[in-house]
Amino acid sequence: MGKKETKDKKPAQFKKIYELLSKYQQVIIVGLANVGSKQVQDIRRILAKRNALLVIGKNTLFKKVLATRVQDLPETHEYYDELKKFGAAIKELDVLKNQVAGKIGFIFTDTPVFDLKSVIEENKVETPARVGAIAPIDVVIPPGPTGMDPASIQFFHALQIPTKIEKGQIQITKDFVVLKTGQKVGQSQAVLLQKLGKKPFLYGMEVLACYDNGSILNKQQVSVNLNDILAKFQKNVTNISAISLANGWVNESSAPYVLANAFKDLAAIGLQSGFIFDQIKQSNAPAPTSAPIAAKVEDKPVQQAPAKAEEPEEDVDMGGLFD
């Protein structure tokens, strides 16, 4: 692409970014380190189906648009006639300027970042270890056959990799750490992994931050699982309810349980007494049964004591039957 063609595109790019900053209240900043053009196109198509637009351009241009959008557009601006329709300055966007650094892209959307994060980051591609790259993970070669003939044994010896010859090929005898997380890939390490046919790194877009209606959510905040937050909140509400009930406190968390327990008590009284009010009927409580029937006592012939002459009545201990 020639310089003139690039220059001709800048006005259109400026206006488009200005429009997007005016239209959307959320801008997701994504890292593009080691991300290939095919990955970019794939994720762009996926995001389009979710009403999200991925924009990749020069950071200097984006900063220039930001600086313009946070101020009232002067009538002398070269694009005033085309941009005035987007309204007054959006000063809140100023917090976004500190996020514009490095190899990044911008996703304009009103879909919550928590819903899009997994979609953005799941598209990863296996990549060889290139010289100069920083290892994002530990790279360990496990014991086993390498598929290489014994002629290459000196290469392994030079790297101090424990090997042996078995069945006509080189075999590694124990785990060998090629790279540690954060270590720069050297020439010998890159060649070794290439010879073994290893593509140890997975690269894809990474959500770095999110501008949301005047606030910046950092990498840790956008990684929060909302379901975990909801579960913890519900657990704490349950604990508050239990403490409140134990201490006789009536508040928003305990009131439903207090009312439910009171209704159960009233329903129990109603069912026992035969007084059925409408709420019991609506609750599908079992209909009251008749009063309990006393256990049948086996009939026995009454033995009549021999008649005796009447004697004066005495106080008799009845074993507390009438106490």
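This section describes the cores, strand pairing and aromatic contacts of a predicted model.

The largest nonpolar core has 27 residues. Leu21, Phe62, Leu93, Leu96, Phe106 and Phe108 have the most contacts inside this core. Six elements supply at least two residues each: α1 (3–23), β1 (26–31), α3 (59–69), α4 (80–83), β3 (104–109) and β11 (206–212). The top contributor is α1, with 5 residues. In soluble globular proteins, nonpolar side chains tend to be buried together.

Strand β3 is mostly covered, with 6 of its 6 residues buried. Ile104, Phe106 and Phe108 point one way from the strand. Gly105, Ile107 and Thr109 point the other way. In a regular strand the side chains alternate between the two faces of the sheet. Two strands pair with β3. Strand β1 runs antiparallel to β3 and is joined to it by 5 bridges. Within this pairing, glycine 31 has isoleucine 104 of β3 as its bridge partner. Strand β2 (residues 52–55) is also antiparallel to β3, through 4 bridges. Here leucine 53 stands opposite phenylalanine 108.

Phenylalanine 108 is buried, at a relative accessible area of 0%. Leaving aside residues up to four places away in sequence, phenylalanine 108 touches Leu20, Leu21, Tyr24, Gln26, Val27, Asn51, Ala52, Leu53, Val55 and Phe62. Ring pairs link Phe108 with Tyr24, Phe62 and Phe106 into a cluster.

The model contains 7 aromatic pairs. A pair of aromatic rings is described by the distance of the centres and the angle of the planes. For tyrosine 18 and phenylalanine 86, the centres are 6.1 Å apart and the planes meet at 55°, so the pair is tilted. Tyrosine 18 belongs to helix α1, and phenylalanine 86 to the loop between α4 and β3. The pair therefore ties together parts that are 68 residues apart in sequence. Tyrosine 18 is buried, with a relative accessible area of 0%. Phenylalanine 86 is partly exposed, at 24% relative accessibility.

Tyrosine 24 and phenylalanine 108 form another tilted pair. The separation is 6.4 Å centre to centre, with 45° between the planes. Tyrosine 24 sits in the loop between α1 and β1, whereas phenylalanine 108 is in strand β3. The contact thus joins parts that are 84 residues apart in sequence. Tyrosine 24 has 15% relative accessibility and counts as buried, because the cut-off for burial is under 20%.

A charged side chain also meets a ring. Lysine 195 lies over the face of phenylalanine 155, at 5.4 Å from the ring centre.

Two helices complete the description. Helix α3 holds threonine 60. At 62% relative accessibility, threonine 60 counts as exposed. Threonine 60 and valine 100 are 8.7 Å apart in space, C-alpha to C-alpha, and 40 residues apart in sequence. Helix α10 (residues 255–273) has 19 residues. From first C-alpha to last, α10 reaches 27 Å, close to the 27 Å expected at 1.5 Å a residue. Glycine 274 follows α10 and has a positive phi, near 85°.

Terms used
Residues are numbered from 1 along each chain as its sequence is written. This is a predicted model: local features need pLDDT of at least 70, side-chain atom pairs count only at pLDDT 80 or more; totals for chains, interfaces and linings use all residues. Side-chain values use heavy atoms; hydrogens and water are left out. The expected span of a helix is 1.5 Å times one less than its number of residues. A nonpolar core is a set of buried Ala, Val, Leu, Ile, Met, Phe, Trp, Tyr and Cys residues joined through side-chain atoms within 4.5 Å. Buried means under 20% relative accessible area, exposed over 50%, partly exposed in between (1.4 Å probe, protein chains only). Contact means heavy atoms within 4.5 Å. Rings of Phe, Tyr and Trp (its six-membered ring) pair if their centres lie within 6.5 Å; planes under 30 degrees apart count as stacked, over 60 as edge-to-face and the rest as tilted. A charge sits over a ring if NZ of Lys or CZ of Arg is within 6 Å of the ring centre and within 35 degrees of the ring normal. Two strands pair if DSSP finds at least two bridges between them.
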